[in-house]
Amino acid sequence: MAFWSGSLLFRLAGDNVLRSSGRCGRWPHSLQQRCGFRKASKKPEPKKVLEEEASPHVESSEAALNRQTTTPQWNQRAPSGSPRALSRLIRPFVFTIGFTGCSFGSAAIWQYESLKSRVQSYFDDMRADWLDKLRPQKRGDIRKEINQWWNKLTEGQKTVSGIIAANVIVFCCWRVPSLQRFMIKYFTANPASKTLCSPMLLSTFSHFSFLHMAANMYVLWSFSTSAVTMLGREQFMAVYLSAGVVSTFVSYVSKMVTGRFGPSLGASGAIMTVLAAVCTKMPEAKLAIIFLPMFTFSAANALKAIVAMDTAGLVLGWKFFDHAAHLGGAMFGIWYVLFGHELMWKNREPFVKFWHNLRTRGGPGRGGDQGGSA
């Protein structure tokens, strides 16, 4: 049985810090957890619990997890009819395109509204500072201490805090036995399942193992400052959510082609997009493992090694991780930095103008928000 050996911290030259996690000197496995299955017996037992073929740190904590909660019983069914089974990818493909478009459209609206309210927020902050000086200060005010801690965070850390909170909530839901049937249906992605589209997004926030979730969230938190500084919070959220769906779709395609069905869950595909985007944007950045600071390597070489490892895992049929989801996320991050930003984000002007006209002139049931009356 393999054991979890901790996280490896990568430092970027300058003030930016890039971090990731690894096992026994290997490249980061911030890692789409893949659940495997035992071969079904001829006469099924009523309470047979199927094992997960997950990452090493999941396996090492198996005994502890079994003491905490019952392992969910994964129900795996392979689609019937190989040629016709590929038609099951049509709905996921349409969902991927539609969700990606909606994500970037919503991000453009979010950015517009943020800029629109920035002036008002500036005056509100000035008024709040003035009132704070007049009011007597309370000692030990918990809310004030929380606000001070929050204000010390970078924009990237504030942005991913909501993502981390969502992952923690979903993780807690996995601990409730009565919810496990629901969680398996909607929070694990499996092309053999009847529910295909919604799990493509929801599984991105789903972790059954605490160590799996902690490793993924640690990597996301570590890369958040560099990624949000590079993209902005609105664009970052659009890329992250779209990456989760895109990487899951690539996993679907791989499973349908190879016939290796099984549910997957975890934020690894989306995190691989963030990692690949940062390394592609800053390929000459020097990275170093915190335990071996004397050895440095470029971000470009680190990305090549990660892609090579996942490619080998996909070709050789390794079952430790969902390597197809990793590759899908990495390829999406590389594509977005090289082409997607110009193609999608920089061409949002017509949509933003449409939204601006809708807001200023007033839509259905609105009277306009800035003197729209004649």
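Predicted model: local features only at pLDDT ≥ 70, side-chain atom pairs only at ≥ 80, totals over all residues.

User: What is the overall make-up of the protein?

Analyst: The secondary structure consists of 14 helices and four strands. Of the 374 residues, 46% count as buried. The protein exposes about 20300 Å², and carbon and sulfur atoms supply 61% of that area. Among contacts with a separation of 6 or more, 73% are between residues 24 or more positions apart.

User: Why is Glu234 called buried?

Analyst: The relative accessibility of Glu234 is 7%, and buried means under 20%; therefore Glu234 counts as buried. This residue lies in helix α10, which spans residues 233-258. Leaving aside neighbours within four places in sequence, Glu234 is in contact with Ala107, Trp110, Gln111, Ser114 and Trp345.

User: What makes the pair of Glu234 and Arg233 a salt bridge?

Analyst: The N to O distance between the two side chains is 3.3 Å. The criterion asks for a side-chain nitrogen of Lys or Arg within 4 Å of a carboxyl oxygen of Asp or Glu, so the pair of Glu234 and Arg233 qualifies. Arg233, at 29% relative accessible area, is partly exposed. Salt bridges that share partners join Glu155, Arg233 and Glu234 into one network.

User: How do you know that Glue155 and Arg233 belong together by the rule for salt bridges?

Analyst: For Glu155 and Arg233, the closest N and O atoms are 3.8 Å apart; the limit is 4 Å, so this pair is a salt bridge as well. The pair links distant parts of the chain, with Glu155 in helix α6 (residues 155-174) and Arg233 in helix α10, 78 residues apart. Glu155 has a relative accessible area of 40% and is partly exposed, because that label covers values between 20% and 50%.

User: How do the labels for Glu113 and Arg359 follow from their accessibilities?

Analyst: Glu113 stands at 23% relative accessibility and counts as partly exposed, whereas Arg359 stands at 14% and counts as buried. By the same rule, the count comes to five salt bridges.

User: What describes the packing of α11 with α13?

Analyst: Helix α11 (residues 268-281) and helix α13 (residues 323-345) pack at an angle of about 40 degrees, with axes 7 Å apart. Their crossing is right-handed. Among the residues that meet are Met272, Ala276 and Thr280 in α11, and Gly329, Gly333 and Val337 in α13.

User: And at what angle do α11 and α12 cross?

Analyst: Those axes cross at roughly 145 degrees and come within 8 Å. The crossing of α11 and α12 is left-handed. Residues of α11 including Leu275 and Cys279 meet residues of α12 including Leu303 and Ile306.

User: Which residues make the nonpolar surface patch?

Analyst: Leu314, Val315, Leu316, Trp318 and Phe320 make the patch, which has an area of about 480 Å². Leu314 is found in helix α12, residues 299-316. With a relative accessible area of 30%, Leu314 is partly exposed.

Methods. Residues numbered from 1 in each chain as written. Heavy atoms only, no water. Patch = residues over 30% accessible without salt bridge, like charges linked within 9 Å, V, L, I, M, F, W, Y side chains within 5 Å. Areas by Shrake-Rupley, 256 points an atom, 1.4 Å probe, with all protein chains shown as cover. Helix = DSSP H or I, 4+ residues; strand = E, 2+ residues; numbered from the N terminus. Buried < 20%, exposed > 50% of the residue type's maximum accessible area, 1.4 Å probe, protein only. Axes fitted to C-alpha atoms, helices over the stretch in contact; angles between N-to-C directions. Left-handed = near helix turned anticlockwise from the far one by under 90°. Contact = heavy atoms within 4.5 Å.
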